[in-house]
Amino acid sequence: MEYIKSGNTIAVRIDYDEEVMEKLTELCKKENITSAAVSGIGATKLAELGLYNIETKEYKVTSYTGLYEVGSFMGNITQKDGEPYLHMHITIGDPEKNEVHSGHLNKAIIGATSEIFVTVFDKKIGRKLDEKTGINIFDFEK
């Protein structure tokens, strides 16, 4: 991973064989990022996508192995229990099968490169558990 900063934006390149969530967490700790918006593109060779079932309050996770084009990578960075909390979604396409898959990103190993922009906010956003849905929602500190 390499990156540069310009104003409140960080341009990040995550390289072949690196795991996106690990590298973004590393970036958050190194640059003290407490809240941000994230967007990017690239390619993966392994992606684990989740789909949340609000009734069972569980994620169904599906793994995709092979070279997939990342059509969209977006999400946010907040804090939970003093640690970076990454909430990312991804859309990947398989050009061989003409298929597209999308969902909550658990893990992605880069299959070529990934180009990501992180727009850092000047206010901290936390997370709290919403009992009704079972998910960690934004917690705006007053």
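**Exercise 1.** Is lysine 80 buried, partly exposed or exposed, and what is its relative accessible area?

*Solution.* Keep in mind that this is a predicted model. Start with the number: lysine 80 has a relative accessible area of 26%. Now the cut-offs: buried means under 20% and exposed means over 50%, with partly exposed in between. So lysine 80 goes down as partly exposed, at 26%. Next, look for its partner: the lysine 80 side chain meets that of aspartate 81 in a salt bridge, 3.3 Å from N to O. Aspartate 81, at 71% relative accessibility, counts as exposed.

**Exercise 2.** Find which residue pairs with glutamate 31 in a salt bridge, and work out where the two sit.

*Solution.* The partner is lysine 5, with an N to O distance of 2.8 Å. Then place both ends: glutamate 31 belongs to helix α1 (residues 20–31) and lysine 5 to strand β1, so the pair links distant parts of the chain, 26 residues apart. Last, check accessibility: glutamate 31 is partly exposed at 23%, while lysine 5 is exposed at 53%.

**Exercise 3.** Trace the salt bridge of glutamate 2, then widen the view to its network.

*Solution.* First, glutamate 2 meets arginine 13 through their side chains at 3.0 Å, N to O. This one also ties distant parts of the chain together: strand β1 (residues 2–6) holds glutamate 2, strand β2 (residues 9–15) holds arginine 13, and the two are eleven residues apart. Both ends are partly exposed, glutamate 2 at 49% and arginine 13 at 34%. Now widen out: salt bridges with shared partners join Glu2, Arg13 and Asp15 into one network.

Definitions and conventions: Residues numbered from 1 in each chain as written. Predicted model: local features only at pLDDT ≥ 70, side-chain atom pairs only at ≥ 80, totals over all residues. Heavy atoms only, no water. Salt bridge = Lys/Arg side-chain N within 4 Å of Asp/Glu carboxyl O. Helix = DSSP H or I, 4+ residues; strand = E, 2+ residues; numbered from the N terminus. Buried < 20%, exposed > 50% of the residue type's maximum accessible area, 1.4 Å probe, protein only.
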